[in-house]
Amino acid sequence: MRSAPTILHLDMDAFFASVEQASKPSLRGKAVVVGGLGPRGVVATASYEARVFGVHSAMPMAQARRLAPNAAYLVPRFALYRSISDQVMGLLRSLSPLVEPLSLDEAFVDLEAGGTAWDERSARLAGAKLRADIRAATALTGSVGLAASKMLAKIASERAKPDGLVLIEPGTERALLGPLSVRTLPGVGPATGDHLRRAGIHTVEELAEAGEDELVRLLGKAHGHGLFAMALARDERPVVAERETKSVSVEDTYDVDIHDRVRVATEVRRLAERCVRRLRGAGLSGRTIVLKVRRYDFSTLTRSETLRGPTDDPAVVREAAARLLESVDTTGGVRLLGVGVSGLADYTQEDLFAQAAGVDEEVSVPEEPEVSSATASRTPPERRWPAGHDVRHTAHGHGWVQGSGLGRVTVRFETPGSAPGRVRTFRTDDPALEPADPLPLVSRGPGEEGDARAGGGAVAESR
Ligand SMILES: [Mg+2]
C-alpha cells in the first residue's frame with residue numbers, strides 16, 4: 001500500500017435533490033424528495049432537510065410521504081443529472097488519468113498517478129481546490145475523502161458529508177476501522193453482512209479477530225481471504241480508469257432443447273445462484289440483472305432489470321431472473337440459458353436492492369428487419385406534466401411543474417438565477433404551456449444565458 005493519502009474519493013452531496021434545489025430557488029433549504037412517484041415508487045435521493053424526517057434512499061415513496069408530508073416530491077431528471085455528472089467527471093480527469101467512476105456522482109481518483117499530489121499537504125490542497133472548482137462549475141457541493149487506499153478514501157468521504165473534506169493519515173487506519181460495521185468494507189453486501197452477523201461478527205475488529213481460516217470457512221476461499229485483508233486495512237486495489245470486468249455471467253447450452261416450463265425456471269434459478277457465487281468470489285455486486293434465452297430457432301432474447309442499487313444477494317438475483325423469465329415465450333423449446341449481473345460495483349452502499357428502478361427490454365431476433373417503434377403516443381394528459389420537470393409558458397416564461405391532476409397543472413415560474421417564483425395553475429391542455437429543457441445551474445455569463453430569452457434581443461441579466 002502507498003504511504004501517502006493520495007487516493008481521492010468524491011461523493012456529491014444528496015446529488016439529485018441538490019440539483020433540484022439549485023435549479024428551483026423556492027426549494028432551497030426545504031425538504032425535497034426525488035424518486036418514482038407511482039404506487040411502487042421508491043426514494044432515489046432525499047435532501048438533507050428531508051432526511052431530518054427519517055426519509056432516505058430506497059424507502060417506499062408512500063412511507064416517505066407519511067414521514068414528510070410537506071416535502072416537495074419530484075420525478076428524476078436523469079438527462080440533467082448526467083450532464084452535470086459529465087462536468088464533475090471532467091474536473092476529476094483534469095487531476096489524473098486514473099479516474100474510476102462508481103456512479104453518476106461518485107468516483108475514485110489516483111492523484112499520485114496524475115502528479116497532482118504526493119504527500120499529505122499536496123493531497124489536502126488538491127481536494128480543497130477540487131471542491132471549490134465543483135462548486136464554481138455546478139453550484140453544488142461534493143464531499144472529498146483522502147487516504148492511502150480506496151477503501152479508506154471512501155470511508156473518509158462518508159465522514160466528510162455533507163460539504164466537507166476528511167483525510168485519513170496513514171498509520172491510523174486500523175484504529176479507525178476497528179469499531180465500524182462489517183458493512184463498511186467493500187464486498188460486504190446485505191447478504192454477506194447477515195451471514196457474518198449470524199456468526200456473531202458485527203464489527204471490523206471482530207472480523208479481524210475471527211481470523212482468516214474462520215472467514216474462509218464462513219465465506220469461501222476467495223471472499224474470506226479478501227475480507228480478512230480488508231479487515232486489517234490492507235487494500236491494494238488500484239484505481240482503474242476502465243473497469244475490465246463489465247459483467248459477471250454464466251450460461252449453459254443444452255444438448256436437447258428444454259420444453260418444460262418448470263425445468264426452464266429451475267435452470268434459471270440454478271444459473272442465478274452460480275452467477276452470484278462468481279460475483280461474490282470477485283468481491284463485487286451489481287445493479288443490472290440480465291437474462292439470456294436462446295430459443296429452438298436460434299433467436300436470442302435478452303431481458304434486463306435494473307435495481308436501485310448493487311446487490312450480491314442470491315435471493316434478489318434469483319427473483320429478478322424469475323421475473324424476467326415470465327416475459328419470455330419458451331414454448332418452442334430453449335437451447336441456451338444465461339444469467340448475468342452488470343453495472344458492477346465493489347461496494348454495496350445501501351439496501352437499495354429490493355426495488356426495481358425499471359425494466360429495460362432488449363430483444364434481438366436474427367434475420368428480422370429493424371422495425372421502428374413509431375407507435376402513436378397516447379399518453380394520458382396527467383402524464384405529460386411530471387412533477388419537477390421544466391416547462392415554458394408563452395407569457396410567463398420558464399418554470400417547473402409543481403403538481404398536476406384533475407385536468408390542471410400547477411407551475412412555479414422561477415429559474416436557477418431568479419428569486420423564488422410565483423405559482424400559477426393552468427389546464428393540462430393549455431396550448432400556451434409546453435415542456436422545456438432544463439436551464440444551466442450556473443449562468444455562463446452574458447450572451448450565454450441559454451433559453452429562449454436569447455432570441456429577445458437586449459435582456460438584462462437576472463442577477
Ligand atoms: Mg452522493
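In this predicted model, proline 314 counts as partly exposed, because 18 C-beta neighbours lie inside 10 Å. Burial would require 20 or more such neighbours. Proline 314 belongs to helix 13, which spans residues 314-326. Residues up to four places away in sequence aside, proline 314 touches Ala191, Ala272, Glu273 and Val276. Arginine 277 lies 37 residues away along the chain, yet the C-alpha atoms of proline 314 and arginine 277 are separated by 8.1 Å.

Proline 314 also takes part in the packing of helix 13 against helix 12. Helix 12 covers residues 261-281. The two helix axes come within 9 Å and cross at roughly 145°. The crossing is right-handed. From helix 12, the contact involves Val264, Ala265, Val268, Arg269, Ala272, Glu273, Cys275 and Val276. These meet Pro314, Val317, Arg318, Ala321, Ala322 and Leu325 of helix 13. By class, 11 of the contact residues are nonpolar and 3 are charged, with no polar residues.

In soluble globular proteins, nonpolar side chains tend to be buried together. Valine 32 touches Ala17, Glu20, Gln21, Leu27, Ser47, Ala50, Ala71, Ala72 and Leu74, again leaving out residues up to four places away in sequence.

Terms used. Residues numbered from 1 in each chain as written. Predicted model: local features only at pLDDT ≥ 70, side-chain atom pairs only at ≥ 80, totals over all residues. Contact = placed C-beta atoms within 7 Å. Helix = DSSP H or I, 4+ residues; strand = E, 2+ residues; numbered from the N terminus. Buried ≥ 20, exposed ≤ 12 C-beta atoms within 10 Å, placed from the backbone. Axes fitted to C-alpha atoms, helices over the stretch in contact; angles between N-to-C directions. Left-handed = near helix turned anticlockwise from the far one by under 90°. Nonpolar A, V, L, I, M, F, W, Y, C, P; charged D, E, K, R; others polar.
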